[in-house]
Amino acid sequence: MSVPAQLGKLLNWKWGAVLGALLAVSLVAVAGDEDEGKKSSRVPKPHVVIEKGDKCVEDEAFMKRNHMKLLMHQRDETVHKGIRTTKYSLQNCIDCHASRKNNSVLGSNDNFCQGCHSYVAVKIDCFECHSSKPKPMAARVVAAGNGAVVAADYSGVNK
Amino acid sequence: MSDEINVSRRQIVGFGSAALAGLALAPGVLLYDLAHGKQPDEAVSGKVRWGMLIDTNNCKDGCNDCVKACNTEAHLSGGTKETDSQWMRKVELKDMRTGRATSLPMMCQHCAEPPCVDVCPTGASFKRADGIVLVDKHICIGCRYCMMACPYKARSFVHEVVTDQNSDLPRGKGVVESCTMCAHRVDRGQTTACAEACASAGHNAILFGDLNDPNSEIAKRVATYATTQVRADLGLNPGIRYQGI
């Protein structure tokens with residue numbers, strides 16, 4: 001074996017070792033960053049307070065991406081065809097998610113709708129016309145007394 | 001063992017009595033039909049035509065109860081300036097020759113051929129299958145052509161930001177609105193807020209019902225007595241009829 005060839009082999013081995021060491025160090029650093037991210041959360045996250053109910057009308061991940069489509073569909077059904085099912089209605093959202101502090105889904109970034117929407121910088125037009133508060137208890141009693149179909153569980157709202 | 005048999009026997013007796021009750025109500029009469037309600041998941045039907053009959057003989061001069069009830073229901077301010085929303089207003093008529101005065105409420109007449117729908121450039125003004133004329137505020141651009149087209153001056157434009165709305169009657173700045181014939185109540189099988197207030201005041205001047213159902217009170221009254229459509233010459237066939245004018 002010639003001298004330059006031996007030198008080349010040695011260098012390759014040395015460079016390999018150096019690269020390996022660097023990789024190991026950077027992997028450790030990445031792992032450390034991940035841990036740190038979980039603990040101190042340098043990235044701000046929306047503060048979502050789900051006030052009532054154990055379970056949404058659909059899977060949570062589905063609702064995060066598709067709640068606007070459900071609402072849009074329901075709105076046309078209700079306005080044009082008079083279909084007033086409660087499952088996907090905006091009123092149903094508000095009944096569960098209105099804050100206990102101010103009885104609304106708006107008001108601060110701690111409130112359900114506003115918290116997420118201000119985080120993702122998407123304007124909510126709903127509440128320029130729609131009430132952001134649950135329907136008062138008295139109105140529900142009147143509706144129920146006239147043979148209305150009202151969802152059964154409204155207890156705990158609007159105390 | 002004997003318990004189980006008893007339970008099933010009770011169930012059979014229960015089913016039997018339920019079936020008997022059903023028979024007693026038949027033919028063609030269901031309990032929720034009595035309250036003219038529909039199921040929440042049921043779309044409104046063209047078989048129905050909601051309307052109101054206003055008996056001006058019973059409408060008391062100076063009484064404002066229907067207008068107040070409407071304002072309360074829709075959370076309107078009750079103001080009467082040009083920029084205030086008025087879904088319903090009292091009109092006083094006087095025959096100058098005889099001196100006979102008539103008082104009546106005027107609101108959206110829920111025409112069968114609504115001019116507001118004809119002129120709407122976006123399709124926001126529409127007539128529901130059951131004859132109720134509405135504005136889809138999601139589509140309305142606030143151009144106010146419908147306000148110009150309406151011969152009854154029934155529509156209002158919302159000039160100011162609105163807060164504290166009725167959950168069932170969303171209202172907001174920049175769109176046109178008018179009487180909805182309390183569609184949110186009607187869909188639940190209730191009557192309109194104005195008719196309810198008039199009845200509870202003891203005047204019974206406003207009768208709400210289905211003009212297409214020959215057994216309804218309103219259809220019978222319309223078939224028996226002379227009633228008038230305001231500006232019948234326009235051929236719009238309003239769903240609101242007046243008696244005694």
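A salt bridge here is a side-chain nitrogen of Lys or Arg within 4 Å of a carboxyl oxygen of Asp or Glu. Keep in mind that this is a predicted model. R84(A) and D187(B) form such a salt bridge, with their closest N and O atoms 2.6 Å apart. In total, the rule finds two salt bridges across the interface of chain B and chain A. The side of chain B that touches chain A has nine charged residues, along with nine nonpolar and seven polar ones. Polar contacts join 10 residue pairs across this interface, both residues of each pair being at pLDDT 80 or more.

How much area do the two chains bury between them? The value is about 2100 Å², with 53% of it on carbon and sulfur atoms. Within chain B, the residues that lose the most area to chain A are P40(B), H138(B) and S167(B), which together account for 27% of what that side buries. The contact draws on both chains, as the table shows.

| Chain | Residues in the contact |
|---|---|
| chain B | 25 residues |
| chain A | 23 residues |

Now for the inside. The structure holds five cavities of 30 Å³ or more, and the largest cavity has about 120 Å³ of space. It is lined by 15 residues, of which C70(B), W87(B), C179(B), C182(B) and C194(B) are the closest to its centre. The lining comprises 12 nonpolar residues, two polar and one charged. Helices α3 (65-74) and α7 (193-200) of chain B each supply at least two lining residues, and α3(B) gives the most, with three.

Conventions: Residues numbered from 1 in each chain as written. Chains lettered and ligands numbered in written order. Predicted model: local features only at pLDDT ≥ 70, side-chain atom pairs only at ≥ 80, totals over all residues. Heavy atoms only, no water. Contact = heavy atoms within 4.5 Å. Buried area = accessible area lost by both parts, 1.4 Å probe. Polar contact = N/O pair within 3.5 Å; in protein donor to acceptor, adjacent residues only side chain to side chain. Nonpolar A, V, L, I, M, F, W, Y, C, P; charged D, E, K, R; others polar. 1 Å grid on protein atoms, 1.4 Å probe; cavity = no way out; pocket = protein on both sides within 12 Å on 5 of 7 lines; lining within 4 Å. Points joined across faces, edges and corners; volume = space filled by probe spheres on them. Helix = DSSP H or I, 4+ residues; strand = E, 2+ residues; numbered from the N terminus.
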